[in-house]
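Dear colleague,

I am passing a structure on to you, and below it I have written down what was found in it. Please keep it open while you read, so that you can look up each residue as it comes.

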Amino acid sequence: PKGIRDWDDLIKPGVAVITPNPKTSGGARWNYLAAWGFALKKYDGDEAKAQEFLTRLYKNVSILDSGARGSTINFIQRGIGDVLISWENEAFLALKEYGPEQFEIIIPSISILAEPPVAVVDKNADKHGVRNIAQAYLEYLYGKKGQEIAARNFYRPSDPEIAQKYAHQFPAINLFTINEVFGGWPQAQSIHFKDGGLFDKIYVNQ
């Protein structure tokens with residue numbers, strides 16, 4: 001009803017946005033960086049205008065939960081806000097559980113490729129004698145069966161064959177990587193999310 005179709009629409013007056021706090025939530029950092037990347041493209045790489053865009057967006061955030069689960073509960077179960085910025089799979093699961101008459105998924109024109117890491121921690125695996133099991137689990141995640149399970153649960157599979165099989169499920173979207181736009185996680189963390197970083201400056205102005 002409020003004509004929300006892209007990131008631009010989240011800074012309109014009167015639009016209540018739900019997203020967690022990037023200082024406490026990993027998912028919220030992805031949300032923030034996706035919006036920043038959109039703003040950079042919109043304003044031809046102008047960092048000052050991107051910061052202004054994010055400032056306006058966070059002025060519309062009605063509740064800044066500490067984690068993604070709290071934001072999802074507030075939006076889906078308590079009916080707070082107009083828009084929830086969410087993991088894609090969480091949005092699909094909400095639609096599956098509550099029905100398309102309750103919520104609508106909006107795919108933005110551009111977003112970030114969010115790939116939470118999965119790794120074997122060498123020291124721990126060796127200490128507990130579980131390296132073989134840990135390595136087997138890691139390989140299973142990226143094998144055909146693991147990728148099929150991921151796709152069925154609305155995670156975009158990285159295996160090309162499984163991705164093609166489930167292409168109908170995932171709308172095409174222009175994705176950038178954190179390395180391309182922000183120079184990787186250490187740099188993004190230092191510039192945006194450390195104490196006194198850009199997010200703190202943005203939120204102080206709310």
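Two residues are said to touch, or to be in contact, when heavy atoms of one lie within 4.5 Å of heavy atoms of the other. This is a predicted model, and in it Y32 touches P22, L54, Y58, H192, F193, L198, F199 and I202, if residues up to four places away in sequence are not counted.

Y32 also belongs to the largest nonpolar core, which has 33 residues, and together with W7, W36 and L57 it is listed among those with the most contacts inside that core. Several elements supply at least two residues each, including helix 1 (26–42), helix 2 (47–59) and strand 4 (110–112), while the largest share, nine residues, comes from helix 1. In soluble globular proteins, nonpolar side chains tend to be buried together.

Helix 2 has 13 residues, and the distance from its first C-alpha to its last is 18 Å, close to the 18 Å expected. Its buried residues are A50, F53, L54, T55, L57 and Y58, and these pack against strand 1 (17–18), helix 1, strand 2 (61–63) and helix 11. At the N-terminal end, D46 caps helix 2 through a side-chain oxygen that lies 3.0 Å from the backbone nitrogen of A48.

Finally, most residues other than glycine have a negative phi. D44, in the loop between helix 1 and helix 2, has a positive phi near 50°, and F154, in the loop between helix 7 (144–152) and helix 8 (160–165), has a positive phi near 70°. Which of these is buried and which is exposed? D44 is exposed, because its relative accessible area of 74% is over 50%, whereas F154 is buried, because its 13% is under 20%.

With best wishes

Conventions:
Residues numbered from 1 in each chain as written. Predicted model: local features only at pLDDT ≥ 70, side-chain atom pairs only at ≥ 80, totals over all residues. Heavy atoms only, no water. Core = buried A, V, L, I, M, F, W, Y, C linked by side-chain atoms within 4.5 Å. Buried < 20%, exposed > 50% of the residue type's maximum accessible area, 1.4 Å probe, protein only. Helix = DSSP H or I, 4+ residues; strand = E, 2+ residues; numbered from the N terminus. Expected span 1.5 Å × (residues − 1). Polar contact = N/O pair within 3.5 Å; in protein donor to acceptor, adjacent residues only side chain to side chain.
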